[in-house]
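Thanks for asking me to look this one over. Below are my notes, in numbered points, for you to read beside the model.

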Amino acid sequence: MTTTDQTDVVLEARGVTKHFPVRRTGRDLVVGRRRTVHAVDDVSLHLRRSTVTALVGESGSGKSTVARLLAQLYPLTGGEIRLGGQAVKAGRGRSFRSYVRQVQLIFQDPFASLNPVHTVRYHLTRALRIHGREATGTELTELLERVQLTPAAQYLDKFPHELSGGQRQRVAIARALGADPKVLLADEPVSMLDVSIRLGVLNLLRDLKERLHLAILYITHDIASARYFADTTLVMYAGRIVEGGDSETVTQRPAHPYTQLLIASAPDPDRVVAEAEQEEAGSGEPPSLIAPPAGCRFHPRCPKAMERCRTELPPRFELADGQWAACWLYADGAETTDNAGDHEKAAAK
Amino acid sequence: MAVTAAEVAVLDTTETPAPSKRRFRFLRGRKTAVGLGILLFFVLIAVIGPWIAPYDPDAMSNELLQPPSGAHWFGTTQTGQDVLSQILVGTRGVLVVGFVAGIFATILSVLIGVSAGFLGGMADELLSVLSNVFLVIPGLPLIIIIASFVSDTGDLLIATVIAFTSWAWGARVLRAQTLSLRRRDYVEAARATGESTWRIILFEVLPNLTAVIASGFVGTVIFAILSEITLAFIGVADISNWNWGTVLFWAQSNQALAQGAWWWFVPAGLCIALLGMSLALINFGIDEFVNPRLRTETGASRKVRMRVGFTPVARPGTPEKETRP
Amino acid sequence: TGCSSANSGANKGGGAASGVLTLGKPDGPQTNNSNPFLSTSAGATLGYRFMIYEPLAMTNQIRPADKADPWLASDWKWDLNFTKVTFTLDDKAKWADGKPLTAEDVAYTFELLKKHPALNGNGIPFDGISVQGKKVVLTFQDSQYVNQNKIIQQFIVPKHIWKDVKDPETWPNRTPVGSGPYKLKTFTPQTTTLTATPTYWKGATKVKELRYTAYNDNSAATTALAGGKVEWSFVFMPNYKQLFISKDPKNHKLWFPSGLGIHGLWFNTARKPFDNPALRKAMAMVVDRNAIYTQAEATLYPEITNPTGIPLPAGESFLAPEYKSATTKPDVEGAKKVLADAGFKLAGGVLKDPSGKPVKLTFTDPAGWNDYITGLSIIKDNIKQLGIEAKVKTQTAEAWGADVANGNFDATLHWTNSGATPYDMYQNIMDGALLQPIGKASQIGNFGRFKNTEATEALKDFASATDDTARINAMNTLQKIMVEQAPMIPTAAAPIGAEYSTKNWVGWPTEADPYAPPQHTQPSALEIVLKLKPAKK
Amino acid sequence: MKYLLQRLAFYLVTAWAAITINFLIPRMMPGDPVQALMARFQGQLDTSAIASLKALFGLDKQQSLWQQYTDYWSHLLDGDLGLSFTFFPTPVSEVIAQSLPWTLALVGVTTLISFVLGTGIGVFTGWRRGSWMDSLLPVTTFISAIPYFWLGLIAIALFAVKWPLFPAAGGYDSALVPAFDWPFISSALYHAALPGLTIVLSAVAGWILGMRNMMVTVSSEDYVMVAQAKGLSERRVMFGYAARNAILPNISGFALSLGFIVGGTLLVEMVFSYPGIGYQLFQGVGAKDYPLMQGVFLIITLSVLAANLLADVIYMVLDPRTRREA
Amino acid sequence: MSEPVLTISGLHVDYGTGDDAVHALRDIGLTLHRGEVLGLAGESGSGKSTLAYAVTRLLSPPGVITGGEVHYHQRDGEALDLLTLTAPELRAFRWQELSIVFQGAMNSLNPVHTVHSQLTDVLKAHRPEMKRAERTARAVELLSLVGISEDRLSAYPHQLSGGMRQRVMIAMALALEPEIVIMDEPTTALDVVMQRQILRQLVKLREELGFSVVFITHDISLLIEFSDRIAIMYGGRIVEEAGASDIYRDPRHPYSDGLLHSFPALHGPRRELTGIPGSPPHLSAMPDGCAFHPRCGKALDPCATQVPVLARPDGDGSRTVACWLHQPTPATVAPRS
Ligand SMILES: Nc1ncnc2c1ncn2[C@@H]1O[C@H](COP(=O)(O)OP(=O)(O)OP(=O)(O)O)[C@@H](O)[C@H]1O
Ligand SMILES: Nc1ncnc2c1ncn2[C@@H]1O[C@H](COP(=O)(O)OP(=O)(O)OP(=O)(O)O)[C@@H](O)[C@H]1O
Ligand SMILES: [Mg+2]
Ligand SMILES: [Mg+2]
């Protein structure tokens, strides 16, 4: 589960970076300064066949930007994206289409991502037609059945507002499947849905992964659902991925202080007892991405920050079970010891 | 300024769905119904006016300046023409100019506003300057000037001129709207699905602007009708084409009011006001559709008085307790 | 203006008791400009320039053949077939600032006109100008018979003031000094007030103050007239009986006499089939001038009763013997005969020209010129009886003006020039010397492209003839051409009329005492003001 | 500050474009001022005057359009707007100077009054939604749809002619001279009353509707609810919370309408014979008076731009969200 | 924790009147005790916010209270009927006794006034005797209570981050030290770290000041962790009310049970997640009988026709549930096939 061979990798990001220009102020013009939002910096990840990869992190940490970069909706500032081992640079028109045929994006908000003026039929027909496929009744029915909207006929001529949130999200997924993609990028696909219907959509995604062998990137801020649903989990903080590994490992034995903070903060009905212990966990607000902190971006909030954290950017340190973390705490011994318990101790230092 | 309100209101309509079947639902509602009723009445007159007019509006007779009577419901003019016939025949000109100008101006504003909003960047800057220049140039005087430099001031020309000088507001509102739509998820989603830019503009963005476009259209029609009538009244437009403005022009140049011939002057004015009101009511309906909070008919009955911050308590049986401040 | 007590003593309203006469004009706010030479100045628009600057002689436009009254010049004499005129000045005349008015001033005025064509609105070809003691002698290259009134009624400006003016063409002359009985008291865009100079050389006037108010349009001016706010004005008003007279039948009067200018339907005689005189004549025979007079012109523009188009009684003395008692009665049968004789055919109510084409035409005039448009509608109805189909089309004033000048029209109502003799109007209509090809602007006259050497010759003869017989012959020829060929169908005389009130002031010119045209923008307004006396209560 | 600078640059470009169009439009019109003058006199001015007038107006020289354009700019930058043809040789700047104050005073004051009044009424109708005031809305719509000149003429027929309570024409009594004294000012006020009332009547409806709609929209904002929940006095909630936010778009609308004061008054001035700039422009158009037209257009353009800038500034002052610190 | 501070009984709320009225709340009965944290859960549209606002009569038009009673119990034991108060009385009552933190702090602060002015105007309205300086001092104190430095006093809302705005709202709610604070999803827009910080602060303040809290959210795990008692709403009604741990361990209503099996746990063994089939009903098309029966796996015959009332399930005095499974049914009890 941890180190599958490279052939399984469908989509790969290598050192992907995205900086958004900030609208320049009068003073900027005078000083000749050009400011940017460092939304995503040096992000590398692999999406594998039949695997769900979760990307978690707080709001504004750059998760959606990563998804849009992978969908080629934004041009890259740096790095490269490889589809099936080939570096791609989709521009517009034909090459872009052939890219999106394989990589499809599902948006966070099913209420906003379907055009209120078009029927389900229109949305799906377009998705099929764009990719040069027939859009007959059977094709549409099949598509809807894939996302468990049955009987399909009942849904085809409905407008989005006539559907519940879960149904809308299914339509959005069906539209993505219309292209018959290899990769699904799901950007917080359930965060706008009611508690009781979230699960249905997540189960559907998992089912698709298994049946269609899709590679799925599941973006969320709910780390508990990553544990439940994803095979691997990546943790993002302020535009960088700070930790990654097997979902169970990352959630049960978080290595990076930020992941630890995240997990400590997540609501948990079972906690009650442990309340007092976590009192001293980090606080403060996420950093500005216009002028991100030097060194480790988490150091201003980190209870375990060291001198080195302020100046030097921590590289990835491999830990046990395919887990890794970008934190100086693991600078020594990470390579030498395979003991998973070790980094827990190191973190507690 | 109704336009401003609409502009602001439409910016927060993310939650209001405008589905296609219900895309024209803004045409329902009591106010809109009344407005549509009046408008339809005038449209009917515009179509059949020349046939049902009892006299030739140009025909002079010996019944000079007669007050309303059975033979002449709206009285006669200085030269014995029938005022009712003039108004009936003149309705067509008013509506044709109003609607043709409205359509032209709307097309212009959609073209310029939506492209500016959607394309962004340099195109946006240029188109914005263009529409601002047209906003800055004084409308009526400009119309007078343009109208006076063409030799044939027929209805169509007047309509074109009015359209040419009145599209800018709509373009501005549409641009703002498009800017907000451009980043909507469903537009991005269409892009991510692989739709081409022009298809996105045409099929994803435009249908969602229906209400805004309709409201701009109705507003332009009101403006065009008032401009046309004003132009006719001050003698710039061709006053040998009958419309309500030319009726007023002749009445005024013959000093109808000073002569006590109110019947020559009043009906045309009332018709304009009525038509204007009907269009304004339709616009109201559109505004209410775009911004549901504006609805006056909130289902409030006479019994329960709604008031912000003090929810009425209406227990069945017990009379409502008055809550005055 | 500007001093805080400017209005403290002002009494409101006019009235003989206060010596104020109120005048009004619907020309909109004015600017402070009293340059008498410029027709764009407030002095010209409101007409007060003639209260300040006096003419050499006072002509009477509605009786142009009468001898003019001496004014600044006690006498004038034309010599050498109107190529030389000698003015003798009245000794008493002096400027409002007390300086005497001398021959130098007169000569200077004419020099000014000669030197600045822009100021020479009448386009008089001045040549020699000399002072001989108290006399001023002007000499010309050609006979000025037709311009004689224009020359002798020239107003005179003081040399001692104007000689320092750098550019008289753009000088606003804010504190005008003239020889007339009034001087400018205050100027505001809305109202200009003139006050009497006690030292006027012809003796004090009864009217102590003239107050000219500018209204923005006819209806505002009419309202003011009807309410007695304005006592003297000229405004075109429909149904003046109800709008004006009925408001005070005893005192509200109006008189619209005419000079020698007319309005009429001009044909484009370069276009077929209007190049056919028979067709034009037939149309002229059926036009109902009386209907135009009552319906289109609200009986304000005098009716033209003579087929020569010469307004009466102003042109009485010029009428050719054969037309002395002729009148214009619509004569449909006669007209049909004329047409039939000329080869036109009337079949099924449609007139066909000799080549077999139906006769159709479009009347054009600017939108908004109601009297013209109404007049055209009447003519349209009239000629329908001949089987001629006409359409009335309105244009903008600009487009119409350009079309008329370029000869791009079928027929249009238009005015003519006017002058001391019918020459001006005939010349305007038929002078071959003014002829321009179609498409080339002819702004001066002959918009109808009327080409008739006989007429051109007659006009030339009339202007340069050395004796009266030659002139009479030329004039008779012109009248004959006008009647026979009808290059233009006269519809109404151009009035020089006004509304006035006898409530406070009496002594106005009337039909019975036509000593001057009553309009207050004409030079003769001065004569009227001097004749006004407070009404007895 | 940055926002302002950006706007300023934007305005400069707009001004340049608008002024250029202002320059071109009159020149594209057919006819010429002399011909227009002749038509005005209908025969009372002899055709022989044409040549002299052409010489007078300087129309006898031929100049390329480009030459005229550069001249126009160089004169404009010297503050020279040329000489009016209608009132030759009065400088255009003088014509404007004498008519602009009337327009500004009458229309400015009435615009202000109708804005204040309309906004005030709008605040109440919007706040007390569902009360009897809502039934005023159709009436208001009706009034706002009446063409202005019609209303004005009816008002004159009724209140100046039938019952002569007000004068029918003019800016002041013709016996008076403009001065800062009571007789004149009272007369000016008296003459402004009827046009003023009709302007207010026809303009107030728009403000009422706009403000009401904004008020209704804002009233259901959470912060108004919070203010109610806080138990603040009704006055404080209505004005400090609801109206304070609702008025923002109306304020910029108001500033824009200030800009249109100069251009939008033609009919008032025609109907009431008011000595303002709108009528002057109308005359200028009729007389082909290019210098006057250009001058008035320039004033209108500049005032609209100034009003826009003002709107931006006001907005910036009133809405802290636009006050971004650099 | 026994003494009630707010009792609601038989509360009905409609949106609109006449035929097209939407019945948003039906027959709500609920008691808030002094000093407790009462959690209110249920999915979106179930009427949580409506309930919170109806209590203080803050529903915006077209909301109408069509029945029921709301009593506020003052410390001296006297009860105040909130639904009969006149506007001035209501104004005096609001914030003084009961304050609300609205859903979404972004829109709850007036964008054109400074934090200072919005904090002090409530003092001005209710404590007219306070001087300006005192008010400012109190504002500073309140801000420091929620951990915001006093230099932010002159800031405008848009200059604060979402978390800070939310904290300002909380500070404002505590300005008059009310007896009850209603919090409508105070943390949904925030990330988990910030959410925990704020809630921890709130718990601390409640211990210091002793007010009662109504805490609204649809995140049930959050509620279980933070509240004393929980009421669960479905389709405009309260379907179950019990102590937090009771609900967690032993949910009685099938909907509560479904909810608890809809979210994954972060720790412990991977639970079986069953979820709830179907989707929540729309208020304008509410099913007859128990609103939940179309989605309920254990539906009985009467469920489709008769509305179960909130009653104590057999043998448990501290909780109530509205479900035919747990009460004697009027008709024959037979599971549907
Ligand atoms: N088009 C853009 N222009 C400028 N800045 C942007 C743009 N898109 C995103 N950003 C900035 O980039 C950062 C990352 O944004 P992103 O939307 O990727 O975050 P996220 O992790 O998806 O957050 P959330 O959980 O709220 O969706 C944010 O600071 C955001 O403000
Ligand atoms: N103005 C209104 N008109 C009609 N129905 C309304 C109105 N406001 C709310 N509702 C309806 O009342 C019901 C209850 O809404 P409420 O806001 O109380 O739900 P909620 O439980 O707070 O949901 P959320 O978790 O999304 O905040 C919803 O179904 C909603 O559709
Ligand atoms: Mg995101
Ligand atoms: Mg809610």
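1. Some ground rules. This is a predicted model, in which local features need pLDDT of at least 70 and side-chain atom pairs count only at pLDDT 80 or more, while totals for chains, interfaces and linings use all residues. Side-chain values use heavy atoms, with hydrogens and water left out, residues are numbered from 1 along each chain as its sequence is written, and chains are lettered from A and ligands numbered from 1 in the order in which they are written.

2. Staying with chain D, the chain has 13 helices and zero strands. Here helices are DSSP runs of H or I with at least four residues, strands are runs of E with at least two, and both are numbered from the N terminus. The C-alpha atoms of chain D fill a box of roughly 80 × 60 × 40 Å along the principal axes. Chain D exposes about 11700 Å², with 72% supplied by carbon and sulfur atoms; such areas come from the Shrake-Rupley method with a 1.4 Å probe, and for residues only the protein chains shown count as cover.

3. How do the chains meet? A contact means heavy atoms within 4.5 Å. Eight pairs of chains touch, and the pair C and D has the most contacts. By comparison, chains A and C share no contact, and their closest C-alpha atoms lie 47 Å apart.

4. Now for ligand 1. The ligand is surrounded by 15 residues, the closest being A:Ser59, A:Gly60, A:Lys63, A:Ser64 and A:Thr65; to be included, a residue needs a heavy atom within 4 Å. The shell divides into five nonpolar, seven polar and three charged residues. In this scheme Ala, Val, Leu, Ile, Met, Phe, Trp, Tyr, Cys and Pro are nonpolar, Asp, Glu, Lys and Arg are charged, and the others, Gly among them, are polar.

5. Which element gives the most to the shell around ligand 1? That is α2(A), with three residues. Both β2 (36–48) and α2 (63–70) of chain A supply at least two residues each.

6. A side-chain N or O atom of A:Ser59 is 2.8 Å from one, a backbone N or O atom of A:Gly62 lies at 3.0 Å, and a polar side-chain atom of A:Glu188 lies at 3.0 Å. Taken alone, ligand 1 exposes 630 Å², of which the protein buries 65%.

7. Is A:Glu58 buried or exposed? A:Glu58 counts as buried because its relative accessibility is 3%. This residue sits in the loop between β3 (51–57) and α2 of chain A. Not counting residues up to four places away in sequence, A:Glu58 touches several residues, including A:Lys63, A:Tyr258 and E:Asp191. The side chains of A:Glu58 and A:Arg301 are joined by a polar contact of 3.4 Å, that is, a pair of N or O atoms within 3.5 Å; within protein, one must be able to donate a hydrogen and the other to accept it, and residues adjacent in sequence count only if both atoms are side-chain atoms.

How values were computed. Buried means under 20% relative accessible area, exposed over 50%, partly exposed in between (1.4 Å probe, protein chains only).
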